[in-house]
Amino acid sequence: MQTLGRILIIKPTALGDVATTLPLLCDLKTAYGGGAAAQIDWLVHPAYAALLEGHDAIGEVIAFDRKKLAAWWYRPTAFRAFVKLFKTLREKKYDAVIDAQGLFRSGFLTWITKAKVRVGFAHAREGASLVYTHKVALPERGKRMVAVDRMRALGTVLGTNSEERAEFRVPVKTYDIPDGYIVVIPGARWDTKRWSLERFAEVARRLIAQGRSVVLLGSPDERAICEELGRMDGCGEVINLAGQTSMAQMIGALAGAELVVANDSGPLHVAVALGKRIVAIYGPTSPEFVGPYGQMENVVRHEVACHPCRQRTCDHHACMKKVTVEMVWEKVKRSF
């Protein structure tokens, strides 16, 4: 591989996906950080920029707000932003671009850069692989590889060593909460990923009974369910920060936690990236594919015939309903 002066990673969304791609960034820094170091940039949605800003391996964070830019054909401001982004990607003169998203739009942006080296998965969707100069083929399309390992495989084309221990190095701005607290995250983007709120409340009650402080985290959309949990018997002492933190503050809150108990969600993977001990509750998704890196033994799930369905709606929800409080509590106890 030729000497590279400037590299771009394209991984705009989502929170957990950006978190699990951080080891690829660190691998590139290790491979190209000495001597005349390469600059490594990242194209990401502004909502997730806090995971990258201040990272020791990042040169520049380039904002990509897909929803705003989607109005380019009828809204003049969006059109100008669209043109500006394309101009920026060309002017950077990237030597190599890694498309870690693998969709039509990310493939299109990869092509727009005109980089001589364009890397992506051979099995990328929506025709994205047509623009790559170097295609990474994984056994079974990576279905038996956890997300971190899949992302790191993309860097091997550029000479990175994916056999070394994975590093995340998430930038952290401290958040002012007393030490020794447990973070509980009862929400998730899919309803099918959500464990029973009543069972989360029982876990919170048991933690409080042991003298532990419980902090609830979640998005603004999840604030209502966290408020509902806080109103349940024995849960009046929980600290509900759902919908009240910026991304940087959420990272800070996770960084100070003694333990994180959560569904399969973006914040769960951020906690893993921060090196936090976790208890992860999984239902319709496969831990083998999107599990918590290095902490697979802390996954709680119930085997059902239809697993993994990856469905966002379900008429029986058996995979989550059959995860009991005792199953989760047993993992929690082992974490102390």
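This is a predicted model: local features need pLDDT of at least 70, side-chain atom pairs count only at pLDDT 80 or more; totals for chains, interfaces and linings use all residues.
Local features were considered at pLDDT of at least 70 and side-chain atom pairs at pLDDT 80 or more, whereas totals for chains, interfaces and linings use all residues. Residues are numbered from 1 along each chain as its sequence is written, and side-chain values use heavy atoms, with hydrogens and water left out.

Helices (H or I, at least four residues) and strands (E, at least two) are DSSP runs, numbered from the N terminus. An open sheet contains 6 strands with parallel pairing, in the order S3-S2-S1-S4-S5-S6; two strands pair if DSSP finds at least two bridges between them. Strand S3 (61-63) and strand S6 (134-136) form the edges, each pairing on one side only. On average, neighbouring strands of this sheet are turned by 20° against each other, direction ignored. Strand S4 (residues 96-99) and strand S5 (residues 117-121) run parallel and are joined by 3 bridges, and Ala96 has Val117 in S5 as its bridge partner.

Two helices lie across the sheet strands. Helix H3 (residues 76-91) lies across strand S1 (6-10), strand S2 (39-44) and S3, at about 155° to S3. Helix H5 (residues 147-155) lies across S4, S5 and S6, at about 155° to S5. Axes are lines fitted to C-alpha atoms, for helices over the stretch in contact (heavy atoms within 4.5 Å), and angles run from 0 to 180 degrees between N-to-C directions.

In soluble globular proteins, nonpolar side chains tend to be buried together. A nonpolar core is a set of buried Ala, Val, Leu, Ile, Met, Phe, Trp, Tyr and Cys residues joined through side-chain atoms within 4.5 Å. Buried means under 20% relative accessible area, exposed over 50%, and partly exposed in between (1.4 Å probe, protein chains only). The largest core has 65 residues, and Leu158 and Leu254 have the most contacts inside it. Helix H1 (residues 15-32) gives the most to this core, with 8 residues.

The structure holds 21 salt bridges, each a side-chain nitrogen of Lys or Arg within 4 Å of a carboxyl oxygen of Asp or Glu. One of them joins Glu60 and Arg6 (3.2 Å, N to O). Glu60, in the loop between S2 and S3, and Arg6, in strand S1, are 54 residues apart. Glu60 counts as partly exposed because its relative accessibility is 27%, and Arg6 counts as buried because its value is 19%. Another salt bridge pairs Glu330 with Arg334, at 3.6 Å between the closest N and O atoms; both residues lie in helix H12 (residues 325-334), 4 residues apart.
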